[in-house]
Amino acid sequence: MVNQQEAFLEYKEKVLGEARGKYSDDMLATMEEELNSPCTEEMAAFDKFIQYIEGRDYEVVVFDTAPTGHTLRLLDLPFDYARQVEMMISTVESSQAKETAQNRFRISSAG
């Protein structure tokens, strides 16, 4: 079970931690503002779910959610994530991180 608040804080710190030292204070402030959006909470939970899928701790991972618009939103998150990655990693120096994130979700969403 994913603790959404914990996943959000972990995700936010990971993204900002990777950006510190690479970007200006203004860019970091913009990133932090963007990371405080409701969409980021969903993306953080989805990122945690992907960590379970990529990990070797479980043979089976069940993605159990109600059959609602929320489910459709969750299924669309890899695309939202890719757009957010493009926004956050707009400089050439971070192209490797962008490629890694895109490949991660490309593999996960294909399965």
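Start by selecting α1, residues 4–19: this helix has 16 residues and reaches 22 Å from its first C-alpha to its last, close to the 22 Å expected at 1.5 Å a residue. The expected span is 1.5 Å times one less than the number of residues, and helices (H or I, at least four residues) are DSSP runs numbered from the N terminus. This is a predicted model, in which local features need pLDDT of at least 70 and side-chain atom pairs count only at pLDDT 80 or more, while totals for chains, interfaces and linings use all residues. Residues are numbered from 1 along each chain as its sequence is written, and side-chain values use heavy atoms, with hydrogens and water left out.

Now show side chains within α1. Its buried residues are Ala 7, Phe 8, Tyr 11, Lys 12, Val 15, Leu 16 and Ala 19. Because they cover an arc of only 150° around the axis, they sit on the same side of α1; the arc is that of the directions from the helix axis to the C-beta atoms. Buried means under 20% relative accessible area, exposed over 50%, and partly exposed in between (1.4 Å probe, protein chains only).

Next, select the largest nonpolar core: Ala 7, Phe 8, Tyr 11, Val 15, Leu 16, Ala 19, Tyr 23, Leu 28, Met 31, Leu 35, Met 43 and Ala 44, 12 residues in total. Such a core is a set of buried Ala, Val, Leu, Ile, Met, Phe, Trp, Tyr and Cys residues joined through side-chain atoms within 4.5 Å. Two or more residues come from each of α1, α2 (25–35) and α3, and α1 gives the largest share, six residues.

Zoom in on Ala 44. Which residues does Ala 44 contact, leaving aside neighbours within four places in sequence? They are Ala 7, Phe 8 and Tyr 11, where contact means heavy atoms within 4.5 Å.

With 17 residues, α3 reaches 25 Å from first C-alpha to last, close to the 24 Å expected at 1.5 Å a residue. Among its buried residues are Met 43, Ala 44, Phe 46, Phe 49 and Ile 50, but also Glu 42, Asp 47 and Lys 48.

- Select Glu 10 and Lys 48: their side chains meet in a salt bridge (2.7 Å, N to O). Glu 10 in α1 and Lys 48 in α3 are 38 residues apart. Glu 10 is partly exposed at 37% relative accessibility, whereas Lys 48 is buried at 14%.
- Select Lys 12 and Glu 32: the closest N and O atoms of this salt bridge are 3.6 Å apart. Glu 32 lies in α2 and Lys 12 in α1, so the pair ties together parts 20 residues apart in sequence.
- Select Glu 13 and Arg 20: this salt bridge is 2.9 Å, N to O. Glu 13 is partly exposed at 45%, and so is Arg 20 at 44%.

Last, colour by pLDDT, the predictor's confidence in each residue, from 0 to 100. The protein averages 77, and 74% of the residues score at least 70. Among the elements, α1 has the highest mean (90) and α5 (residues 95–110) the lowest (64).

Conventions
A salt bridge is a side-chain nitrogen of Lys or Arg within 4 Å of a carboxyl oxygen of Asp or Glu.
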